[in-house]
Amino acid sequence: LDTLAAIALQEEYRVFFGAQISLLQFLAHCCQQPEAVAASAAGIEAASLQRAAARALANLSSHPAAREWVKRSAPLRGTMMSAEDFAVRAYLGMALGTDGPGAALL
């Protein structure tokens, strides 16, 4: 997920991945239920997984299709409000197009 977040900064990758709704759904699932996803893979920490997924969503959200999908996601909005990790809240705030806590700092 860290690699996806990094390559999503490049336009050609963002265009491709931003249009993949199933990928956006997977990233949202990683944000909403990081413990469940991390439990299915050895050596994955839930907090790191959630942070990487939120960062990927933030980077992909500059693509119009991804931005619209993310903005319509009430569960992601709830996750942003309830996340304990400051970076997750900031990344999701950017993805949702809100002035989430600390978004200007990242």
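1. Leu-49 is buried, at 12% relative accessibility. Buried here means under 20% relative accessible area, exposed means over 50%, and partly exposed falls in between (1.4 Å probe, protein chains only). Leu-49 sits in helix H5. Helices are DSSP runs (H or I, at least four residues), strands are runs of E with at least two, and both are numbered from the N terminus. Leaving aside neighbours within four places in sequence, Leu-49 is in contact with Leu-1, Cys-30, Pro-34, Val-37, Ala-38 and Ile-44. Contact means heavy atoms within 4.5 Å. Gln-33 is 16 residues from Leu-49 in sequence, and their C-alpha atoms are 9.8 Å apart in space.

2. A word on the source. This is a predicted model, in which local features need pLDDT of at least 70 and side-chain atom pairs count only at pLDDT 80 or more, while totals for chains, interfaces and linings use all residues. Residues are numbered from 1 along each chain as its sequence is written, and side-chain values use heavy atoms, with hydrogens and water left out.

3. How do H3 and H5 pack? Helix H3 (residues 21–32) and helix H5 (residues 46–60) pack at an angle of about 140°, with their axes 8 Å apart. Axes are lines fitted to C-alpha atoms, for helices over the stretch in contact, and angles run from 0 to 180 degrees between N-to-C directions. H3 and H5 are therefore oblique to each other. The cut-offs are under 35 degrees for roughly parallel, over 145 for roughly antiparallel and 65 to 115 for roughly perpendicular, with the rest oblique. The crossing of H3 and H5 is left-handed. Left-handed means that the near helix is turned anticlockwise from the far one by less than a right angle; clockwise would be right-handed.

4. Now the residues at that crossing. H3 makes the contact with Leu-23, Leu-24, Leu-27, Ala-28, Cys-30 and Cys-31. H5 makes it with Leu-49, Gln-50, Ala-53, Ala-54, Ala-56, Leu-57 and Leu-60. The residues of this H3 and H5 contact divide into twelve nonpolar, one polar and no charged. Nonpolar covers Ala, Val, Leu, Ile, Met, Phe, Trp, Tyr, Cys and Pro; charged covers Asp, Glu, Lys and Arg; the others, Gly among them, are polar.

5. H5 also packs with helix H8 (residues 86–96), at an angle of about 20° and with axes 8 Å apart. That makes H5 roughly parallel to H8. H5 passes H8 in a left-handed crossing. From H5, the contact is made by Gln-50, Arg-51, Ala-54, Arg-55, Leu-57 and Ala-58. From H8, it is made by Ala-87, Val-88, Tyr-91, Leu-92, Met-94 and Ala-95. The residues of the H5 and H8 contact divide into nine nonpolar, one polar and two charged.

6. Tyr-91 lies in helix H8. Tyr-91 is buried, with a relative accessible area of 16%. Gln-25 is 66 residues from Tyr-91 along the chain, and their C-alpha atoms are separated by 16 Å.

7. H3 has a crossing with helix H7 (residues 74–82) too. The axes of H3 and H7 come within 10 Å and cross at roughly 35°. H3 passes H7 in a left-handed crossing. Ala-28, Cys-31 and Gln-32 of H3 make the contact with Pro-75, Leu-76 and Thr-79 of H7. The residues of the H3 and H7 contact divide into four nonpolar, two polar and no charged.

8. Is Asn-59 buried or exposed? At 16% relative accessibility, Asn-59 counts as buried. Asn-59 is found in helix H5. Neighbours within four places in sequence aside, Asn-59 is in contact with Ala-5, Ala-8, Leu-9 and Arg-14.

9. His-63 lies in the loop between H5 and helix H6 (64–71). His-63 is buried, at 14% relative accessibility. Again leaving aside neighbours within four places in sequence, His-63 is in contact with Arg-14, Val-15, Gly-18 and Ala-19.

10. Ala-6 is in helix H1 (residues 2–7). Ala-6 is partly exposed, with a relative accessible area of 35%. Ala-6 and Ala-56 are 50 residues apart in sequence, and 7.6 Å apart in space, C-alpha to C-alpha.

11. Last, the aromatics. Rings of Phe, Tyr and Trp (its six-membered ring) pair if their centres lie within 6.5 Å; planes under 30 degrees apart are stacked, over 60 edge-to-face and the rest tilted. By this rule, the count is one aromatic pair. The rings of Phe-16 and Phe-17 have centres 5.1 Å apart and planes at 75°, so the pair is edge-to-face.
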